Structure formats: structure tokens, C-alpha cells
Amino acid sequence: MDARRIIEKLRDRNTLSPDELTWFAHGLASGVVTDAQAGAFAMAALLNGMSDPERVGLTLAMRDSGRVMTWDAPAPAIDKHSTGGIGDCVSLLLAPALAALGGFVPMVSGRGLGHTGGTLDKLEAIPGLKTEVSEDRFREIMAQTGFAIVSATGAIAPADKRLYAIRDVTGTVESIDLITASILSKKLAAGLEGLVLDVKCGSGAFMHTREEARALAQSLVTTANGAGCKTSALITDMNQPLCPWMGNALEIMAVMSAMTSGEVDNILCDLTCALGGELMVLSGMAEDADHAADAVRATLQDGSAAERFGDMIRAMGGPRDFVDHWRDRLPSAPVVRDVVAKDAGFVAQMDGHALGMAVVHLGGGRLKGGDTLDPAVGFSNFSMVGDHLGSGDLVATIHARSDADADRAEAAVRAAVILGETQPDALPLVYEKVTL
Ligand code: URA
């Protein structure tokens, strides 16, 4: 086999066989396939698309380009994946909640991408905590706590690592087939048997319209099930932050507050419970998604999810007393400034992308690879769509490293939050469910 022949077949819309896709993925991992060939392959995939079997074949081939984990666990290995949003710290609530219910959740997570936050960056806001662990340590933590949130080692799906970097510079990131294979190859390499996908849609998501989100959800669900992992997806709203906190340590505060205050009546907890309910049914842990969602909520309310979270934090190098003293253990920013409304009105609309970028510019995300994050910066007390604000009422609180940074963030908030005279319709949380 050779790369040129495989690219020509994709270019001419001839079907690639599993063997050809396996050869290509291994060639990406080993370097036998050149950057030019990888770029041409990605462009042909973007322009011509792939059939369902080809997409499954590429996903499995990229999964098998590196280490594929298997588990000998008392329960099926399950996980959740979000396509990325703002104020979205669901994974940090859901994984310990499921573990408290007897689930087994080996969560290989990612870092912030573009304007969106990343679970690993948020966890690393906890002093001492390291998400880069060896596979042996990952297994030990799983055995102790039933869940662990770690970063992928270089051994996981190396073909994706190479192709992703090439897509990034060849205008081919948007290919739904390649996004699907990229996300799923890494998730499936963690040995999952059940997966729920949170496909976000709206101004703070990568997919802005319902149609785009549905196309991605269908591709992910068909491919994951075709690769042997029971999977369903919820298409959910991302036209406003999922909680009033945005930023790394600030979202850990949101999570700790939800797990220790007993106050679980908010959209962050509602989405956590909805996704958890789906996953428990998919994995055979429950028969009814609504009852299962209630069980997830109970673990957030009764302290059992917090206890599991504390176990994982200790095991990963964080403070031993984190659950009891999280307010004192998290870093805080030197400049804290309220943004208040100049006029009265209803919060009618938000530009989620601009708010995510405001967190990045405060130092909470990366503008280029290798940037060091500031864990303390971001926003708290953010208003939600539909809130009525009087003149002088709080829109949001900025946490910044300097007054100049706070000035820029204030301008971004004022431009991104649109007030109107009439109360807007409430935003739905879940638009639809996508199953096989
Ligand atoms: N996340 C991934 O891992 N890959 C993509 O292609 C897009 C998002």
C-alpha cells in the first residue's frame, strides 16, 4: 500500500477499506506518511466526506495507532464528552457522582481549545494537583476511587495527535468526519463501553446552529456505536455560560459549591443529571433515565459526590483537606471588580464566543501553544439570559491580574451582554436527544 494511492481513492470518491485506513493511520503515527500527504488526505476528506463504514474504519485505525486500554472492572467503563463551551464544568460534577453510584469512569480529558475551557486546566487550578499520570497510576486511582480525570499520554492515539496538528494549519479542522474520528479515537483508546456526548450549540459553542450540531451528533453516535461503544448524544444550549463562574479556579468553586452547599437547582446541575441519567441507562446501571438523573442529583446533594472528588484530588497530589477548605485552598486574583448595568433591562442575548475569549485574554486560556495559564482569573456572579437588571445592578464580577486587564474585560462584557426591553423566551437546556 502507499499513501498516494489511498489519497487518490479518497479524492475520486472510491471507498477506502479498513486495511487502507489502518495503513494510513499507522503511517501517520510512524511518520511514513508525510505532512503533505496528511494534509491532502484531510482536504479530500473535508471536500468529499466519508461513508459511515469509512468513518468507523478511520476511528478504529486511529484508536489502534497507539495504546488501547482494557479494564477488568466491576462495572462497564463509561464516560461523557462535551464538544466544548463556556462555564461548562459538568465533567467535574458528573464523574464523581457516577462513581458514588458504583460507576467506573476513566475520564481522559482535554485542555482548553479556542475560546472554550478545558477540564484539565480547571483541575490543575487546584494547588499540587497533576493530571499527567502514568498508566499504572491511572489504574491505581481508578481502583481506589472509581473515577479519575487525567490527560492522554503520548501513547494514546498518536495518529490523531499528528493529523490534528496538520488539520490546524491546512483549513481542514471543520471536517465532521475528521472531528468524529479525532474525538472518538482518543475516547475509545481509554477502553470505554458507554459514552454520552454533550453536543453544544449556540454562540458559545463551535456549532452555532441546530443543524450543524445535529450533523455532528449523528456522526459521533453512528460512529461510536459502529465501533462497539454504546453511545447517545444530547444537543444542548450554549448561548450563555452554563454557570455564573468562568475561569479555571472559579469553575472549581462552582463545582465545590454545587457539591457541598446542597443547592443543586440550577442549569449546571440539571445538565449534569440529564447526561448522567442517559449514561446510566446506556451502561445498564439504570432502566429509567429520569430516575437515574434523580440518583445523580442525590449524590450532589448528600455529599457523596464531594467525598469521591476529595479522594481523587488527594490521589492526584492536591490538598488532603480540599473538600472542607476549598475556599482557602484555591488561588484568587488581585483585582476584583464589579460590572454594573448602566441602564435597566432584561438580559436578552449574550455573545458566548466573546465571553470565552475575554477569559482567554484575562490569562485563563491560551492564545498560542505553550502559554502558561493564570488559574485565578475569569468571571463570577454572571447574569443569565432572562434576568432583569435595574440600572446599577450587577452584570458580572471580573477577577483579573491587573487594572488594565480588568478594563479590557469590562469592555468585552459590556459588548457581549445585550439588554432588551422585553423579557426574552427562556432558553431550553436540552434541544434534542440523538440515538442510533
Ligand atoms: N476535539 C478533538 O479532540 N478533535 C477535534 O477535531 C475537535 C475537537
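Let's start with Thr-153, which is partly exposed, with a relative accessible area of 34%; buried means under 20% relative accessible area, exposed over 50%, and partly exposed in between (1.4 Å probe, protein chains only). Thr-153 sits in the loop between strand 3 (147-151) and helix 8. Helices (H or I, at least four residues) and strands (E, at least two) are DSSP runs, numbered from the N terminus.

This is a predicted model, in which local features need pLDDT of at least 70 and side-chain atom pairs count only at pLDDT 80 or more, while totals for chains, interfaces and linings use all residues. Residues are numbered from 1 along each chain as its sequence is written, and side-chain values use heavy atoms, with hydrogens and water left out.

**The ligand and its surroundings**

- Which residues surround the ligand? They are Tyr-164, Arg-167, Ile-179, Ser-182, Ile-183 and Lys-186; a residue is near a molecule if one of its heavy atoms lies within 4 Å of it.
- By class, this shell has three nonpolar, one polar and two charged residues. Here Ala, Val, Leu, Ile, Met, Phe, Trp, Tyr, Cys and Pro count as nonpolar, Asp, Glu, Lys and Arg as charged, and the others, Gly among them, as polar.
- An N or O atom in the side chain of Arg-167 lies 2.9 Å from an oxygen atom of the ligand. A polar contact is a pair of N or O atoms within 3.5 Å; within protein, one must be able to donate a hydrogen and the other to accept it, and residues adjacent in sequence count only if both atoms are side-chain atoms.
- Ser-182 has a polar side-chain atom 2.6 Å from a nitrogen atom of the ligand.
- For Lys-186, a polar side-chain atom is 2.5 Å from an oxygen atom of the ligand.
- On its own the ligand has 240 Å² of accessible area, and the protein covers 81% of that. Accessible areas come from the Shrake-Rupley method with a 1.4 Å probe; for residues, only the protein chains shown count as cover.
- Helix 8 (158-168) and helix 9 (176-189) are the elements that give two or more residues to the shell around the ligand. Helix 9 gives the most, with four residues.

- Which residues of helix 8 are buried? They are Ala-159, Asp-160, Leu-163, Ile-166 and Arg-167.
- Seen down the axis of helix 8, these buried residues fall within an arc of 135°, so they line one face of the helix. The arc is that of the directions from the helix axis to the C-beta atoms.
- Lys-161 and Asp-168 are exposed on the face of helix 8 turned away from its buried side.
- An α-helix has 3.6 residues a turn, so residues three or four places apart point the same way.
- Ala-157 lies in the loop between strand 3 and helix 8, and counts as buried at 2% relative accessibility.
- The phi of Ala-157 is near 40°, a positive value in a residue other than glycine. Most residues other than glycine have a negative phi.
- Back at Thr-153, its C-alpha is 8.1 Å from that of Glu-135, with the two residues 18 apart in sequence.

- Thr-145 belongs to helix 7 (residues 135-145) and is buried, with a relative accessible area of 2%.
- A polar atom of the Thr-145 side chain lies 2.6 Å from the backbone oxygen of Phe-147.
- Gly-146 is in the loop between helix 7 and strand 3, and at 11% relative accessibility it counts as buried.
- Gly-146 and Ala-99 are 47 residues apart along the chain, and their C-alpha atoms are separated by 5.2 Å.

**Elsewhere in the chain**

- Arg-13 is in the loop between helix 1 (3-11) and helix 2 (18-30). Arg-13 is exposed, with a relative accessible area of 60%, and its phi is near 60°, a positive value in a residue other than glycine.
- Thr-231, in strand 5 (residues 230-237), counts as buried at 3% relative accessibility.
- In helix 17, the buried residues are Ala-406, Ala-409, Glu-410, Val-413 and Ala-416. Seen down the axis of helix 17, they fall within an arc of 135°, so they line one face.
- Ala-404 and Ala-415 are exposed on the other side of helix 17.
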